[in-house]
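Please open the structure in a viewer and keep the selection panel at hand.

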Amino acid sequence: MADSKAIQQQNQLYEESTYYQGLIDRGLNYLDAGYPVHFTGSSGIGKTTLALHIAKQRKRPVMLIHGNQDLSNEDLIGTYSGYTRSKLKDNYVRSVYKIEENVSESWTDGRLLEAIRKGYTLVYDEFTRSRPETNNIFLPILEEKILPLYGTKQKGTYMKVHPEFSVIFTSNPGEYAGVFSTQDALLDRMVTLPMDSMDTEAEAMAIRSKTDLEQGEAEAIVRFMQKVRGLSSQKEDGNGPGLRACLMIADIASRQGIPIDGNNDDFVRLCLDITWFPLKNSVEEKNHSRVRKQLEQEARKVKVGEET
Ligand SMILES: Nc1ncnc2c1ncn2[C@@H]1O[C@H](COP(=O)(O)OP(=O)(O)OP(=O)(O)O)[C@@H](O)[C@H]1O
């Protein structure tokens, strides 16, 4: 399916779903009022896609930064990347020969500094994966609307934030090992909008925007996934497989010509391969074998056009 068609269908989904329209309208209003917005929810639920969609509506260039523990202040603000040497040879009067040499350090803007200077919309994806010391730079940006530059050998000690600059954060509540706990001071300065799973129709529409499956087939996969998520709500920090898992089953089945049918062994195997790992992580260990059996039973019940 052509990318532009997929984007068109994705936009249609956002326009037609009251749930998404609500999130988009509120998100845009808070950004317009000068507040950063934070989408939080389980893995693969669609946070980044929604954040980028909202960012594009603001009609400003969009910059995307992925949080990670190696992200440093130098990456965000900038750094001196080497030296520039310029040489001037003055031989105007033949008998006089003068050489003037200048060496200066060359500065490269970091991504955050560029966004702040030019008034971009920044999407800071999975910001909780970065170290709190790195994220602290956002406190004066969000509160005083300045970016401190001390320690960078820049001329001024701070830079004023461009009035059109705005940030959309996304995070995944404590699901991955290695995620740093979210800083409360930063969270206090943003409007947090928790994201739930889409309803059946919207999730099926998302599948159809990415594959050639029929509505009935897409809905059968979504209903199966809803059952899987029901099995997973046994541990606080786990929500089981998200929209991404639905899309993987749909895409692989469609490419490999596997029918969406619980009577087909290939389909059942595919469902187990895609869902068992994320499900396992969200279920107490003592329940693993029981839940795995339930999962297989649910996969075998999948039938197009029938509520299972
Ligand atoms: N409205 C939509 N229509 C179609 N596909 C979508 C939509 N929203 C998200 N997706 C797809 O679902 C998958 C997961 O989306 P996304 O990466 O935005 O989720 P996420 O919550 O940010 O995930 P993670 O927490 O793992 O970063 C992606 O393949 C994305 O293209």
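Helices (H or I, at least four residues) and strands (E, at least two) are DSSP runs, numbered from the N terminus. Residues are numbered from 1 along each chain as its sequence is written. The model is predicted: local features need pLDDT of at least 70, side-chain atom pairs count only at pLDDT 80 or more, and totals for chains, interfaces and linings use all residues.

Next, select α11 itself, residues 243–256. Its 14 residues should span 20 Å at 1.5 Å a residue, and the end C-alpha atoms are 20 Å apart, which agrees; the expected span is 1.5 Å times one less than the number of residues. Within α11, the buried residues are L243, A245, C246, L247, I249, A250 and A253. A residue is buried if 20 or more other C-beta atoms lie within 10 Å of its own, exposed if 12 or fewer, and partly exposed in between, with C-beta atoms placed from the backbone.

Which residues touch the most other members of the largest nonpolar core? Select I207, I221, F224, C246, I249 and A250, out of 34 residues in that core. The elements giving it two or more residues are α1 (3–16), α9, α10, α11, α12 and α13 (288–300). A nonpolar core is a set of buried Ala, Val, Leu, Ile, Met, Phe, Trp, Tyr and Cys residues joined through C-beta atoms within 7 Å. A second, separate core has 27 residues, including A51, L112, L122 and I141.

Move to the ligand, which 17 residues surround; the closest are G46, K47, T48, T49 and A206. Here the C-beta atom, placed from the backbone, must lie within 6 Å. Two or more residues of this shell come from each of α1, α3 (47–57), α9 and α11. Domain 1 (18–70 + 112–194) and domain 3 (200–300) each supply at least three of the shell residues.

Finish with two loops. K59, between α3 and β2 (62–66), has a positive phi near 55 degrees although it is not glycine. K59 is exposed, with 9 other C-beta atoms within 10 Å. K145 lies between α7 (138–143) and β6 (146–148), and its phi is near 60 degrees. K145 counts as partly exposed, with 15 C-beta neighbours inside 10 Å.

Notes
Domain bounds come from an automatic or database domain assignment.
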